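This report is written for a reader who is meeting the structure for the first time. It takes up confidence, then the sheet, the helices and the aromatic residues, and ends with a single loop residue.

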Amino acid sequence: MGERNAQRLRDEGKCDKPIGWIDHESIRYATLPSSSWHLLLLKVFAKYIIILGAAALFIDFLSIVFFGGRSLEGYITNAYIPVILYIGGPCALIWGAISLIERLFPSVIYKDPKGPLWEFNRRRGLVTVFRNPKKKRDAGQIAWQSPFSEFDGYVHSGPTHQGLPLYYGAMVHRYREEALTLTAFQAASANDEDHKALWNFWLQYMDSTAPLPDIPLFEPHRDKDPVTAEHDKRTGRDPRYWRDMDSATYKQKTDEMYKRCLKTFG
């Protein structure tokens, strides 16, 4: 599609891109439909039932062999075989069938998202949250939209089942009842520094007067953003700085970035 038509679609609020994307202009998030998640979760559930069940049967078998007290023949007849037939067999069938479909017909599992969930638009300085796309008529419809500058970042905490703190990030509008959790980019974790660093990332990304954050995610898009392109030209940045980096140096650089985050936000 020509750039003129692409720009016209953007100006009209339409879209010439997939449902979700990451680039120099905006980050729009979409996820798999619920039917895809149900199949993937069912596969994981069946897999772990088999693993845990096999471990339990093996431990029980060893207890009979070494400590006695029960008949090994009775154990095989009354426990081992029924468990294999009525639990292990169906779980193995589910695990194998979904894995086979995933390998041979991935489009059956990984279906296109029904619609976007939210968008951070660097070019326009707006945050947009869309209606739940489960209903077809709601897919792509805007629930609310506000300037990014009107939001504040927060780190919330809650206890795990063991009583340990678990942190997650969110952004809350100063004047209206609008809020967005940021766990799609950074899952809940035991470190609050991770979420403070993520908020700093959003501050940098949404500042259109400053260059894009210098991370591998944006390297293919840096030359398309005028401010970033000018910055890279002025500083002599290698356009393939991240892409041509060897694995050892990449790990060193990312470890250094993470340590700086811990030092800055700790």
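## Confidence in the model

The model shown here is predicted, and its protein chain averages a pLDDT of 86, with 92% of the residues scoring at least 70. Confidence in the protein chain is highest in α6, at 96, and lowest in helix α1 (residues 3-11), where the mean is 50. Where pLDDT is low, the predicted coordinates should not be read in detail.

## The sheet

The strands to look at are those of an open sheet of 5 strands, which run in the order β1-β2-β3-β4-β5 with antiparallel pairing. The edges of this sheet are taken by β1 and β5 (142-147), and because each has a single partner strand, one side of each is left without a neighbour in the sheet.

At one end of this order, strand β1 (residues 21-22) pairs with strand β2 (residues 26-29) in the antiparallel sense over 2 bridges, and the two form a hairpin with 3 residues between them. Within this pairing, I22 stands opposite I27 in β2. On to the next strand, β2 pairs with strand β3 (residues 118-121), again in the antiparallel sense, over 4 bridges.

## Helix α5 and its neighbours

Helix α5 packs on the sheet, where it touches β2, β3 and β4 (126-130), and its direction makes about 55° with that of β3.

On the α5 side the contact is made by E193, D194, K196, A197 and N200, and on the α7 side by Y258, C261, L262 and F265.

## Aromatic residues

How many aromatic pairs does the structure hold? There are 17 of them, and one is formed by W118 and F120, whose rings lie 5.3 Å apart centre to centre with 90° between the planes, an edge-to-face arrangement. W118 counts as buried because its relative accessibility is 5%, which is under the 20% cut-off, and F120 is likewise buried, with a relative accessible area of 0%.

A second pair, F201 and F218, is stacked, because the ring centres are 6.0 Å apart and the planes stand at 10°. This pair links distant parts of the chain, since F201 belongs to helix α5 (residues 192-206) and F218 to the loop between α5 and α6 (226-235), with the two 17 residues apart. Both F201 and F218 are buried. The residues of these two pairs also belong to one aromatic cluster, formed by Y29, W118, F120, F148, F185, W199, F201, W202, Y205 and F218.

## A residue in a loop

Leaving aside its neighbours within four places in sequence, A139 is in contact with K114, G115 and P133. Along the chain, A139 and K114 are 25 residues apart, yet their C-alpha atoms are separated by 6.4 Å.

How values were computed
Residues numbered from 1 in each chain as written. Predicted model: local features only at pLDDT ≥ 70, side-chain atom pairs only at ≥ 80, totals over all residues. Heavy atoms only, no water. Pairing = 2+ DSSP bridges. Phe/Tyr/Trp six-rings, centres within 6.5 Å; stacked < 30°, edge-to-face > 60°. Buried < 20%, exposed > 50% of the residue type's maximum accessible area, 1.4 Å probe, protein only. pLDDT = per-residue confidence, 0-100. Contact = heavy atoms within 4.5 Å. Axes fitted to C-alpha atoms, helices over the stretch in contact; angles between N-to-C directions.
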